[in-house]
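Subject: Handing over a structure, with notes

Dear colleague,

I am passing this structure on to you, and below it you will find my notes on what turned up when I went through it. Please read them with the structure open beside you.

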Amino acid sequence: MDEISHHSQNGQNGHHGVISSQKIVRLNVGGSKFTTSKTTLTAQPDSMLSRMFSGKHPIIVDGDGSYFIDRDGSCFQHILNYLRDGSLPPPEMDTAQKVILEREARYFLLDELREVLEEEIQKDRMHLSQIQFLRLYNGQVDKKGFLCCSSLRLPNADLSTLQLDNATFSDSELHHTLFRGTTFTSIVFDKANLEEADFSGARFINTTRFRGARLRGARFEGALAARGAAPR
């Protein structure tokens, strides 16, 4: 049996305990509760969970005695299913959920699961050429000469390397969309959902506006803005 260290949080007392391989283990993952066994948690010897529950890392205990892990609980059941019998996510899982699960698999050092998810995410993404994109949204030009793409529903798409000029994407669903290397000239993203969107290496010419846009987790590494054209 392995000793597991329990450290205090928010004034709770820490202590040391011993968990046998068959004992039921109660977890609190980001506020979601799970019940499993130490055998399942240590099924992958090189994983973060195996390290946590083999005494190599301290574990926090919450008020009801559950082991607290400060991660996203929304997809942790899939992590447990994979550890139990190698089960992969169901086919109906959408790309946004796969992206979250891939991030958690990366954190927990579950390399095989991460690689499978990366491949599925890549297959799910739709890369559009400039002509395909124009045909898809079939927008109308407003009085100011802007192409209206408002309320567009195109999450998880790959819009990398496009040239997007004088268009408004207000109130659009573009979460988890790739804009890598895309050039934006006078674009409006007001109130658009751009959570987890990737603007890495994008170029912003003239002002690109993000008023009220949801940008949680959006990435702008290597993005460039012409003088006076910074996103706002």
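Which residues in H4 meet which residues in H5? I start there, after one caution, namely that this is a predicted model, and everything that follows should be read with that in mind.

On the H4 side the residues that take part are Thr95, Lys98, Val99, Leu101, Glu102, Ala105 and Arg106, and they meet Leu113, Arg114, Leu117, Glu118, Glu120, Ile121 and Asp124 in H5. Two packed helices are described by the angle between their axes and the distance between the axes. For H4 and H5 the angle is about 155° and the axes lie 9 Å apart, which makes H4 roughly antiparallel to H5, since angles over 145 degrees count as roughly antiparallel. The crossing of these two helices is left-handed.

Leaving aside residues up to four places away in sequence, Arg114 touches Glu102, Ala105 and Arg106. Arg114 also forms a salt bridge with Glu115, where the closest N and O atoms are 3.9 Å apart. Are the two partners buried or exposed, or something in between? Arg114 has a relative accessibility of 16% and therefore counts as buried, because the limit for buried is under 20%, whereas Glu115 is partly exposed, with a relative accessible area of 45%.

The wider picture of charged pairs comes next. Side chains of opposite charge can pair when their charged atoms come close, and a search of the whole structure finds 18 salt bridges. One of them joins Asp72 and Arg103, with 3.5 Å between the closest N and O atoms. That pair links distant parts of the chain, 31 residues apart, as Asp72 sits in the loop between strand S6 (67-69) and helix H3 (76-85), while Arg103 belongs to helix H4 (residues 95-107). Both partners are partly exposed, Asp72 with a relative accessible area of 25% and Arg103 with one of 34%. Asp72 and Arg103 are also members of a network of salt bridges, in which they are linked with Arg71, Glu104, Arg180, Glu196, Asp198 and Arg219.

A further salt bridge is the one in which the side chains of Arg214 and Glu195 meet, at 3.4 Å from N to O. Arg214 lies in the loop between strand S13 (203-205) and strand S14 (224-225), and Glu195 in the loop between strand S12 (183-188) and S13, so the pair ties together parts that are 19 residues apart in sequence. Here Glu195 is buried, with a relative accessible area of 15%, whereas Arg214 counts as partly exposed at 42% relative accessibility.

The protein has 6 helices and 14 strands, and 44% of its 232 residues count as buried. Its accessible surface comes to about 12,400 Å², and 47% of that surface belongs to carbon and sulfur atoms. Among the contacts between residues at least 6 apart in sequence, 34% join residues at least 24 apart.

Conventions: Residues numbered from 1 in each chain as written. Predicted model: local features only at pLDDT ≥ 70, side-chain atom pairs only at ≥ 80, totals over all residues. Heavy atoms only, no water. Helix = DSSP H or I, 4+ residues; strand = E, 2+ residues; numbered from the N terminus. Buried < 20%, exposed > 50% of the residue type's maximum accessible area, 1.4 Å probe, protein only. Contact = heavy atoms within 4.5 Å. Areas by Shrake-Rupley, 256 points an atom, 1.4 Å probe, with all protein chains shown as cover. Salt bridge = Lys/Arg side-chain N within 4 Å of Asp/Glu carboxyl O. Axes fitted to C-alpha atoms, helices over the stretch in contact; angles between N-to-C directions. Parallel < 35°, antiparallel > 145°, perpendicular 65-115°, else oblique. Left-handed = near helix turned anticlockwise from the far one by under 90°.
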